[in-house]
Each structure stands twice: as structure tokens, then as C-alpha cells.
Amino acid sequence: MDLSTFQHPRFARMYERISAESEERGTAERRDHALAGLSGRVIEVGAGNGLNFGHYPPTVAEVVAVEPDDHLRGLAAQAAESAPVPVQVLAGHATALPVEDGGFDAVVASLVLCSVPDQRAALAEMRRVLKPDGQLRFFEHVRSQTPWLGLLEDAITPLWSRIGGGCHPNRDTTAAIRAAGFDIETLDRFSYAPLRHFPRFAHILGQARPKPGLGPDV
């Protein structure tokens with residue numbers, strides 16, 4: 001699998017440095033909420049440097065963590081060694097997950113759907129790997145519902161995406177999840193500043209299930 005287009009070495013090293021501060025400013029607490037109650041076999045898409053691993057409950061039998069960036073994947077592999085549940089770290093990306101159809105009780109998308117090149121294709125892959133009664137857990141940075149701030153996010157997205165590892169701060173991820181054939185069961189919308197001197201970004205956190213009778217490529 002060619003992952004050369006997914007390498008962002010400068011961003012990966014910057015993220016390694018700043019992620020600890022983000023955890024202290026509320027991100028760790030949101031990870032707890034996003035992963036609470038999970039069980040069985042879980043696939044995490046875009047695992048980054050493995051900061052979710054310590055938040056999985058003991059009812060999870062296995063986590064398959066997929067990460068395309070070489071540097072972050074190496075850090076995730078280190079984090080997996082001390083995780084409270086079994087974690088297997090794989091090279092791969094969101095639009096071609098290197099796993100079988102329908103093999104997982106849950107998919108976790110944590111601060112990743114803002115940066116995937118193709119949200120529709122990524123969400124179709126998430127449907128493909130889920131069991132029919134499985135669930136999608138999401139914790140995502142999204143476009144603000146405040147009109148002027150949303151317009152500002154539209155304006156800065158081209159530059160922001162180049163320096164931020166492909167992050168698009170103006171995506172309506174809630175609509176994308178529904179359009180991909182998921183029923184959203186719980187949805188919490190909130191804003192917080194993950195870093196000092198950053199604005200209070202809009203986020204969503206919740207869970208969804210595949211609509212019955214629909215294939216993965218809605």
C-alpha cells in the first residue's frame with residue numbers, strides 16, 4: 001500500500017509536541033466520553049500517536065488501530081505496548097482499510113474526519129467493516145454554526161489544510177455521517193480551545209449505527 005501522499009512529517013512532529021497540552025485542556029476527558037461502554041472488537045481509523053489507547057474500557061477485546069503517517073504510527077505502536085487492552089497497529093488509510101468486511105463491533109473516528117481526503121469514501125469504508133448491528137463512535141472538529149465564524153473557517157481552510165496535516169475546519173461532518181447511511185443516536189455539540197491562544201473550535205461527539213438494508217456505498 002502506497003502511503004506516500006499521507007506523510008506530513010512536520011505536522012506529525014508538531015502534533016507530537018502539542019498533543020499533551022490538548023489532552024490537559026479537555027481532549028482527554030472527551031476521549032473518555034467517546035469510548036465509554038465499548039465492547040468486543042474495535043477498529044480505530046486514524047489512530048495518530050495512540051492517545052485513545054489508554055481510554056478504552058476493559059470490555060474491549062481488541063483494538064485494530066490504522067494510521068497512515070509513519071512517524072505517528074511509530075508512536076502509536078509504542079503507546080500500544082502499555083495500553084490496558086490489546087492493540088494491533090496497522091499501516092493503512094481511511095479510504096482503504098486493510099481489514100475484512102463486517103468484522104468489527106465498533107469503528108472509532110477521533111479527530112480524523114476533518115483531515116481525510118474524501119469523507120464520503122472514508123465513511124463508506126467504516127460501514128463496510130462494521131457488523132450490521134455495530135456502531136460508529138465519533139469525536140470530531142467541525143464547522144462552527146456561528147455564521148461569521150463559519151465564514152472565517154471557509155476562508156482559512158486552504159492555508160490551514162496545508163500546514164495542519166490536511167485538516168479542514170469547515171466540514172459539516174454531522175451531515176456527512178447521515179449521508180453515508182448512518183442513523184445518529186446521540187449527538188453532543190460543544191466548543192473548547194484545545195490549545196492556549198487558539199479559538200474555541202466547534203466539535204461533535206456521539207454515536208451512530210448503520211441504517212438497516214443499506215450497503216456500505218450509499
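Colleague: Over which ring does the charged end of R127 sit?

Modeller: The model is predicted: local features need pLDDT of at least 70, side-chain atom pairs count only at pLDDT 80 or more, and totals for chains, interfaces and linings use all residues. Residues are numbered from 1 along each chain as its sequence is written, and side-chain values use heavy atoms, with hydrogens and water left out. A charge is taken to sit over a ring if NZ of Lys or CZ of Arg is within 6 Å of the ring centre and within 35 degrees of the ring normal. The charged end of R127 lies 5.6 Å from the centre of the ring in question, that of F182.

Colleague: How far from the ring centre of F104 is the charged end of R41?

Modeller: R41 also presents its charged end over a ring, namely that of F104. The distance to the ring centre is 4.2 Å.

Colleague: What is the strand order of the sheet?

Modeller: Helices (H or I, at least four residues) and strands (E, at least two) are DSSP runs, numbered from the N terminus, and two strands pair if DSSP finds at least two bridges between them. The sheet is open, has 7 strands and shows mixed pairing. Its order is β3-β2-β1-β4-β5-β7-β6.

Colleague: Which strands form the edges of this sheet?

Modeller: Each edge strand pairs on one side only. The strands concerned are β3 (87–91) and β6.

Colleague: By what angle are neighbouring strands turned against each other on average?

Modeller: Axes are lines fitted to C-alpha atoms, for helices over the stretch in contact, and angles run from 0 to 180 degrees between N-to-C directions. For the neighbouring strands of this sheet direction is ignored, and the average is 15°.

Colleague: Which residue of β2 is the bridge partner of E44?

Modeller: Strand β1 (residues 40–45) pairs with strand β2 (residues 60–67) in the parallel sense, over 6 bridges. The bridge partner of E44 in β2 is A65.

Colleague: In β5, what is the bridge partner of V107?

Modeller: β4 pairs in the parallel sense with β1 over 4 bridges, and V42 stands opposite A106 of β4. With β5, the parallel pairing of β4 runs over 6 bridges. There, the bridge partner of V107 is L136.

Colleague: At about what angle to β5 does helix α3 run?

Modeller: Contact here means heavy atoms within 4.5 Å. Helix α1 (residues 9–35) lies across β4 (104–110), β5, β6 and β7 (201–210), at about 165° to β5. Helix α3 (residues 119–129) packs on the sheet, touching β1, β4, β5, β6 and β7. The direction of α3 makes with that of β5 an angle of about 145°.

Colleague: Which residues form the aromatic cluster?

Modeller: Rings of Phe, Tyr and Trp (its six-membered ring) pair if their centres lie within 6.5 Å; planes under 30 degrees apart count as stacked, over 60 as edge-to-face and the rest as tilted. The structure holds 3 aromatic pairs; one of them, F139 with F190, is stacked at 6.4 Å centre to centre with 25° between the planes. This pair links distant parts of the chain, 51 residues apart: F139 is in strand β5 (residues 130–141) and F190 in strand β6 (residues 182–192). The cluster consists of F139, F190 and Y192.

Colleague: Is F190 buried or exposed?

Modeller: Buried means under 20% relative accessible area, exposed over 50%, and partly exposed in between (1.4 Å probe, protein chains only). F139 is at 0% and so falls in the buried class. F190 has a relative accessibility of 12% and therefore counts as buried.

Colleague: What is the relative accessible area of F138?

Modeller: F138 lies in strand β5, where 9 of the 12 residues are buried. F138 is itself buried, because its relative accessible area is 0%.

Colleague: What is the phi of L111, approximately?

Modeller: L111 is placed in the loop between β4 and α3. With a relative accessible area of 28%, L111 is partly exposed. Although L111 is not a glycine, its phi is positive, at about 55°.
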